[in-house]
Amino acid sequence: MSLIRSRRVPVPPPLENDATADVGLWQYMRPIRAKWLLGVLVAISSTSVALSIPQVLAWVIDHLVGSDSPSRRQVLLGGTIMIALGLLQSGLMFLRRMLIIDTSTTVEMTMRMRLFDQLMRLPLSFHDAWGSGQLLTRSTSDLALIRRWVSFGSVQAITSGAALCVGIFYLSHGSGLLALIFLASVPVTLVVLWRFQKKMKALTRKSQQQSGDLATKVEESVQGIRVLKALGQGSNALDRFKTGAAELMDTEMARSRAQGSTFVATSTITAITLAISLWVGLRQVASGSLSVGELTAFFATIALLSPHVERASQLMGMWLDARVAVDRHREVMSTPAGENIVLVNGATVPAVSSGEAASLAFEHATFAYEDAAAPVLSDISLDVRPGEILALVGPTGSGKSTLLQLLPRLYELDSGSIFLDEQDIAQMDLPELRSAMSIAFEEPVLFSSSVRDNVLLGVNRERMSEAEQEQILRDALRVSSSDFAAQLPEGVDTLIGEEGLSLSGGQRQRLSLARAIAAHPRILLLDDPLSALDVRTEEAVVSMLKEHLRHTTTLLTAHRPSTVALADRVALLENGKITAIGTHQQMMRNPSYARLMMLDEQKGEVA
Amino acid sequence: MPRHAPPLAEDKVDLSPEEQREVRARSLKLLKEILAPVRWRILATVVLVVVATAISTFMPLLLSYAIDHAVAPLVNGDASLLAQMALLYVGLAVCASITTYANVVLTTSISQKALYGLRARMFEHAQKLPVGFHETYTSGRVVSRLTSDLETLKSFLDSGLSQLASTILSMVFTAVALVLLDWKSGLALLVMLIPIWFLTAWFRRRSAVAFRAQRVVNAQLIGRFVETFTGIRAVKAFRYESVSRERYGDIAEDYRVKVMDAIKVLGIYMPTLGAIGNVYLGVVLTIGGFAVLNGHMEVGVLLALTIYATRVFEPIFSLSDFYNQFQSAVSALEKVSGFLAQEPDVAEPAHPVVRTAEADGSVVFKDVEFSYISGRPALHRTNLEVPAGQQLALVGKTGAGKSTLAKLVARFYDVSSGKLLLDGVDIRDLSEEQLRREVVMVTQEAFLFSGTVADNIRLARPSASDNEVLEAAKTVGVHDFIAQLPEGYGTDLATRGGRLSSGQRQLISFARAFLVDPAVLILDEATASLDIPSEKLVQRGLAQLSQGRTTIIIAHRLSTVLDSDRVLVVDEGRIIEDGSPTALVQSGGVFAEMVKAWDQAMGN
């Protein structure tokens, strides 16, 4: 089966970061244009051969009817030529498919990887605005549409055009009038199909929209099942779902009626054309200006040509789909301001200049989210000494998490600057900047991989012995109080994430913390890292962290006094501004801080 | 505790013969059920298909008759036969196309009616199944049952059924016409069918394998993509890009290869089928030509023969396509029927108790035991009486069993033994509708649905007025935030929800509780992401809400506990302390320790 088993080839490497990629389909086809063109030529030859077969039929019939002494030899010769032509046509068809398969899948693969690379380079603000569902469509169904257009649609469109030309030539060879009759029917059919296509397009979009909405309803009702049950809202959800399903049903019926009536129209046009041809053709035969064989060839040729015309609506649809898909691809690819990051393994990540704790300085830093009216953070100035632990405290929505994400330049400042060891971070290479720090997010993100790989994600493992790695892993798990890892079915080698074991929120949070610590960064960013832990676990983690963080500059956000207790100093963030800064003891005199920490009330949490 | 979905029956690939029979019987029963309401329409489509196919098979004969018999009268100046033929041709074609139109529309209506019924039934079933079921079955599976599996059934019902009928009929009618016109050509057809049979068997086997492989890799590709870009924050922060690219590229190349394999199978099958057809055409021409030579046949008939010869193999391809469709439909049907066969173990009572008076909210646990996994009790034998109107606080470590106790009252799960009475009635004897009216639980999950902010708050009571929604938002202190959103309460969360902080989400979902009026209110007071003043505000609101009804609070903050009428300390599935907060502090047990520990944490 080596004919079928395809070979793997290396994945196309990423383009240079500043290389402006041509994103038109024809540009993507550049390396394989010759093969594709050859495929098109073969396809045209194949169709031309097929259209010659009726001529053999005509020749044989005219011999049978017209000749005075028809011989078996002539008939046998005709049959043999027909078989030979038939085999030639099939052989060419096979060749065409084999030529074009490779082409189309290569285009798809290149586009897929280019899109992936571009998405990797686009900043977080882009991903916030788009959402992964939108991007998924672009990397799956859109690319499949393009592939089908390259491999089938485009070739078929060209071939059908060629077939019509060849066909008309043969038809007019027999009878010019008959050829004209057929030619006249083609635009009528095409207009009907074009209008159908447009109507269908609108209906299809509507039905896709509706079934998408329906799928969202299903997803939400299942994911939010506890909420729906707890509030007793199951029947209301069912009613809303039924309404949506009924709307979808109506759209599907309309689609079906459009399809049916178009069929009625096109087949009526074909029938009328054939009836007129029969009328005209037989009269010509009777008058002797057309032979029976030629008339037979006419009908046989029409039988071969009609599918080409009828298929036009399918091709138009494919073309429209592919055009939209290419436009959507271009939309992502032409979004500027990609990040300069390392996409290939083994490429040199600049070594961390020194493993020591870094100093940080914010100078008049201001930041607003793209679509927001007011800045989240304005005019932030703040100095953090090497090795210091600074807690950011502020009411819900005050911009604490945003501030942390500015440091690895997940978002870029609008004005002002941030200095890392007196170096402006805006001027630093992203890989270098990001390798100097690690972060534990408020909502932990783990990948489909083992616990070990997840925790050692930010560690430069190539330069380390197994034993060293093991030591780092053990330390990180210990400090983050992730002792549960040892009890997983396969210990630290257990697969977790989407494709593996699902962990509880508290467990995920602790692993995410372990990952941040394991990298031994110069700067550690912890976004409310202990919120899902109960008081006793939190206490244990805090005391171990205190010990562990002595050689790292740490910024953390917190709500609870017990977490704040970790910090050397506390900065109070209110409405995007730092309103006070000092030690916990000093800050207690600040009324807003005291209110936030509820220091006037000696009642806190028990669990 | 790690949760690992136990292997489900539907994931099993190898089934024993009995299991197979059972699955098949179950699927067939479901198919009958969903098609029963439309059986007359199905019968009608079959009739329509027979008529349409018969007419279109007859058309070439009309051509051949005209060629053979209309020329002679024409030469004599009589065009009437030709006119009749041409008109008959158009008339029959219009008849056939109208029949086909009726068939297309009727088939869609069958498919859509059946699907609508099935869809609603499955959605309702999913809502009825208990929380415990959803935890092991996972939301992804339910979603794919209700979307992709139904989509597969749709494409089968839409085209599959009537396509099968018309394909088979068209082959049979054409073959019959061939045999009737010339038995030798019929015999040649039989010979040709032998290689076609083997070729098609090969194709079916190969393409099934190739397409399955393609689907598997496609799912991996999607999974990898989604994981990478939902976690893009972490990817960037930890410079995970190169590893992600390598893993994604690896699967993408795998996918490319699998797609090529699948297309190649088709690329071999189609031309080979075409070659056999072309050979047959040459053979028919030769056989027919000899017959004309011998005077057994007229040339018009030879034309009809060649048209039939080109047509006869056409349906074979759609037939094997249909077979693939049929197979996917069968496996979808198996999964769907398996899903519907899941009995909710928290079932509706056969004869629900109807209360005459409104419930006042007394809750009694009688020898209640509960375990998620048998043999590992999550709640040991418990007896408990909560008088109407009492405010009860549950405290204890994570995983101690507080939530379990509360969820049993809300009947998320049924007790393993003993019984749970609400105003003297076993809650298993109350209809779902009645129970949900009397017991409402506010969970710690801050799950927001797509739709506006107002819709989300109104979720608990869709009839609530705008003013009530506003009041609820004010009570939990989220009104100011909502007011400054671009469209205030009308802001769509599907598009703007991404940037809500987790605290804001929590507040919005808390606001829901202020629109309901149950006899028993259960609150899972998880406020981890709120700052302390917001949390205070929420608590004050909840205290007000719990006036005049039985309230069970899973308490995370000491102030709530000290304000309540009664405290239960839960540890490892047992109630270890029970009493008023002051009494418990004085008795110096676990609760007193907790109070002391907090004081220390505050540095006092």
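User: In which sense do strand β1 (residues 360–367) and strand β4 (residues 415–420) of chain A pair, and over how many bridges?

Analyst: A word on conventions comes before the answer. This is a predicted model, in which local features need pLDDT of at least 70, side-chain atom pairs count only at pLDDT 80 or more, and totals for chains, interfaces and linings use all residues. Residues are numbered from 1 along each chain as its sequence is written, while chains are lettered from A and ligands numbered from 1 in the order in which they are written.

Strands of a sheet pair through backbone hydrogen bonds, either parallel or antiparallel. Helices (H or I, at least four residues) and strands (E, at least two) are DSSP runs numbered from the N terminus, and two strands pair if DSSP finds at least two bridges between them. Here β1 and β4 of chain A pair in the antiparallel sense over five bridges.

User: Which residues stand opposite A:Ala361 in β4(A) and in β2(A)?

Analyst: In β4(A) the residue opposite A:Ala361 is A:Phe419; in β2(A) its bridge partner is A:Asp383. Strand β2 (residues 377–384) of chain A also joins β1(A) by five bridges in the antiparallel sense.

User: What is the strand order of the open sheet in chain B?

Analyst: The order is β2-β1-β4-β5, with antiparallel pairing. The edge strands of chain B, β2 (379–386) and β5 (425–426), each pair on one side only. Helix α12 (residues 402–409) of chain B packs on this sheet, touching β1, β2 and β4 of chain B (contact: C-beta atoms, placed from the backbone, within 7 Å).

User: Is helix α15 of chain A largely enclosed or open?

Analyst: A residue is buried if 20 or more other C-beta atoms lie within 10 Å of its own, exposed if 12 or fewer, and partly exposed in between. Because 12 of the 14 residues of α15(A) are buried, the helix is largely enclosed by the rest of the structure. The buried residues include A:Arg510 and A:Arg515. Just after α15(A), A:His520 takes a positive phi of about 45°.

User: How many residues does each chain give to the contact?

Analyst: Chain A gives 147 residues and chain B gives 142. On the side of chain A that touches chain B, helix α8 (residues 234–287) of chain A supplies the largest share, 30 residues.

Terms used
Contact = placed C-beta atoms within 7 Å. Axes fitted to C-alpha atoms, helices over the stretch in contact; angles between N-to-C directions.
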